[in-house]
Amino acid sequence: MLNFTLVLVFFGGIVGGIISSVAGGASIVSYPVLLISGVPPLFANITNHGALIFDYLGAVASSAQELKGHWKQAFFYAISATIGAVFGTYLLLAFPSSVFEKVVPIFLVISGVMFLWGKKQNSGAKKTYSNI
């Protein structure tokens, strides 16, 4: 008989992969799945980001054609994200894990709402890369 946790993580990974390939934001699914499966929040965060590193690299590689002419903007976002990640890592290490456990679910709900809301805003407009 299959273990419920194994099945949960397996299907959570599939759903996270589908969401990531369609719209990005796999963490909205994969992080809660790790929490539900019993992984402590700090380890779930580390595991989640470690697993998604190749997803990010794949997204850039598969979007190379669309990024032509926009590399300065992509570089700006990459540097901004790196600075945010370094600052976030510092905060993660500076505060007790109990703070992380209380704050992250709030941020996760906010990001989920923004993810859903953002799709509604863009659904009526045709997106072209020349407008980015």
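**A walk through the helices**

Guide: Let's start in a loop. Gly38 sits between α2 and α3, in the loop that joins the two. Keep in mind that this is a predicted model.

Visitor: Is Gly38 buried or exposed?
Guide: Gly38 is exposed, because its relative accessible area is 56%, and the cut-off for exposed is over 50%.

Visitor: What is the phi of Gly38?
Guide: Gly38 has a positive phi, about 100°. That comes just after α2.

Visitor: How far is Gly38 from Thr5?
Guide: Their C-alpha atoms are 8.4 Å apart. Along the chain, Gly38 and Thr5 are separated by 33 residues.

Visitor: OK, zoom out. How many helices and strands are there?
Guide: The chain has 6 helices and 0 strands. In sequence order, the pattern reads α-α-α-α-α-α.

Visitor: And how much of the chain is buried?
Guide: The chain has 132 residues, and 16% of them count as buried. Its accessible surface is about 9,900 Å². Carbon and sulfur atoms account for 74% of that surface.

Visitor: Which residues of α2 are buried?
Guide: Ser27, Val29, Ser30, Tyr31, Val33 and Leu34.

Visitor: Ser27 is on both lists. Why does Ser27 count as buried?
Guide: Its relative accessible area is 19%. The cut-off is under 20%, so Ser27 counts as buried.

Visitor: What is Ser27 in contact with?
Guide: Setting aside neighbours within four places in sequence, Ser27 contacts Pro32, Asn48, Leu52, Tyr56 and Leu108.

Visitor: Now Asn45. Where does Asn45 lie?
Guide: Asn45 is in helix α3, which covers residues 41–62. Asn45 counts as buried, because its relative accessibility is 16%.

Visitor: What does Asn45 touch?
Guide: Tyr31, Leu92 and Phe100, if you skip residues up to four places away in sequence.

Visitor: Tell me about the largest nonpolar core. Which residues make it up?
Guide: There are 5 residues: Tyr31, Leu34, Ala44, Phe100 and Val104. Two elements give two or more residues to this core, namely α2 (27–36) and α6 (97–122).

Visitor: Which contacts does Phe100 make?
Guide: Leave out neighbours within four places in sequence. Phe100 is then in contact with Tyr31, Pro41, Leu42, Asn45, Leu92 and Pro105.

Visitor: New topic. How many aromatic pairs are there?
Guide: The structure holds 2 aromatic pairs. One of them is Phe10 with Phe11. Their ring centres are 5.2 Å apart. Their planes sit at 80°, so the pair is edge-to-face.

Visitor: Last one. Where is Ile14 found?
Guide: Ile14 is in helix α1, residues 4–22. Ile14 counts as partly exposed, with 37% relative accessibility.

Visitor: How far is Ile14 from Ser30?
Guide: Their C-alpha atoms are separated by 9.3 Å. Along the chain, Ile14 and Ser30 are 16 residues apart. Ser30 is one of the buried residues of α2.

Terms used
Residues numbered from 1 in each chain as written. Predicted model: local features only at pLDDT ≥ 70, side-chain atom pairs only at ≥ 80, totals over all residues. Heavy atoms only, no water. Core = buried A, V, L, I, M, F, W, Y, C linked by side-chain atoms within 4.5 Å. Buried < 20%, exposed > 50% of the residue type's maximum accessible area, 1.4 Å probe, protein only. Helix = DSSP H or I, 4+ residues; strand = E, 2+ residues; numbered from the N terminus. Contact = heavy atoms within 4.5 Å. Phe/Tyr/Trp six-rings, centres within 6.5 Å; stacked < 30°, edge-to-face > 60°. Areas by Shrake-Rupley, 256 points an atom, 1.4 Å probe, with all protein chains shown as cover.
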